[in-house]
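Dear colleague,

Please find below the structure that I am handing over to you.

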Amino acid sequence: MALTDTQVLQALSGLIDDSTGKPYTASKAVKNLRVGDGEIALDVVLSYPAKSQFDVIRSAFENALAPLAEGRSIKVDVSSQIVSHAAQRGVPLLPGVKNIIAVASGKGGVGKSTTAVNLALALAAEGARVGLLDADIYGPSQPLMMGLQGQKPETDGKSLQPVVNYGVQTMSIGYLVDTDQAMVWRGPMVSQALQQLLNDTRWDDLDYLVIDMPPGTGDIQLTLAQKVPVTGAVIVTTPQDIALLDARKGLKMFEKVSVPILGLVENMAIHICSNCGHAEHIFGSGGAARMTEEYGVELLGSLPLDLSIRQAVDEGKPSVVADPTGPIAAAYQAIARRVAVKVGEKAQDFSSKFPKIVIQNN
């Protein structure tokens, strides 16, 4: 009896995507199924970057199909296809950028910039084309963290070429001013500078642009929400009550301006003594979990208070590239996949698919 597509799909129905928690068949990731006398072939197309998981996924599909093979060869191709997703209503997409992820916090000192740079690098490590915009005009830190201090972007007088390192396109006011120069600017000037950095940079076909936001809920945040097509925001906090209090303000601010919250990242969640191995919750515990329950958002992941994380960014080689197979990099990559999955679950933006209609009087 000939093997049918239905039988193949039934055999695959029990395979669950660990990143989404849903069956691959239900999320329509299985495409181009071909069943012949000598071969079973199909494509698994993910809506998020996950290069580190391709071999695991391929093996799972091959094992599920093996009982049906009966002498047929099995061919499974796994890939990712990143598309543009909807942002705030009425805000057009940015040329060369499919999705914009804002990384924000209610207060400073919670490791937001470190999280943003490692998130961008983790997305790139998973196979995405990624950019990183340092939106902290008063205190730009990304040139140091990305090992690009002293670099200057090329310009043609109208636009800026992003500065690239570790496969990530970057832009920061820190490239354009001296490191010891204080930016004594009022709010409108800062907002204008952000828009120029964003719009005048020649971003090259980015799947994701990660924006490292300054702390707080001021002019830059409002400019971002009103004039920049943000796909979603990630809130970074520590378990400390005072940090969570400010994180709530940041979360509510994004909700008010219709920017979806992709989730919460809990930084400095636990400290493991490098000498004795004793684990201690220096900033408290359980606070982020309670906040996610209260506001109905997802806890994307928790990161430890680890000396190596600080040392890595100070040396201009963040954890994801300094120790790509280590546990810290694995934690950032897991968070990056969850962020990308949350983006992938949003409604797609089809504006680029339709031609522009121009009405002329002849």
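This is a predicted model: local features need pLDDT of at least 70, side-chain atom pairs count only at pLDDT 80 or more; totals for chains, interfaces and linings use all residues.

Residues are numbered from 1 along each chain as its sequence is written, and side-chain values use heavy atoms, with hydrogens and water left out.

The sheet

Three strands form an open sheet in the order β3-β4-β5, with mixed pairing. Its edge strands are β3 (30-35) and β5 (73-80), each of which pairs on one side only. From one strand to the next the twist averages 10°. Helices (H or I, at least four residues) and strands (E, at least two) are DSSP runs, numbered from the N terminus; two strands pair if DSSP finds at least two bridges between them. Strand β4 (residues 39-46) pairs with β5 in the parallel sense over eight bridges. Within this pairing, Glu39 has Ser73 of β5 as its bridge partner.

The helices on the sheet

Helix α2 (residues 54-69) packs on the sheet and touches β3, β4 and β5, contact meaning heavy atoms within 4.5 Å. The direction of α2 makes about 150° with that of β5. Axes are lines fitted to C-alpha atoms, for helices over the stretch in contact, and angles run from 0 to 180 degrees between N-to-C directions. Helix α1 (residues 5-12) lies across β3 and β4, at about 130° to β3.

Phe61 belongs to helix α2. This residue is buried, with a relative accessible area of 0%; buried means under 20% relative accessible area, exposed over 50%, and partly exposed in between (1.4 Å probe, protein chains only). Leaving aside residues up to four places away in sequence, Phe61 touches Leu12, Leu15, Tyr24, Val30, Leu42, Val44 and Val76. Phe61 and Val44 are 17 residues apart along the chain, and their C-alpha atoms are separated by 9.1 Å.

Two residues with positive phi

Asp205 is a residue other than glycine with a positive phi, near 50°. Asp205 sits in the loop between α5 (187-199) and β10 (206-212) and is partly exposed, at a relative accessible area of 42%.

Met268, also not a glycine, has a positive phi of about 55°. Met268 lies in the loop between β12 (261-266) and β13 (271-272) and counts as buried at 16% relative accessibility.

With kind regards
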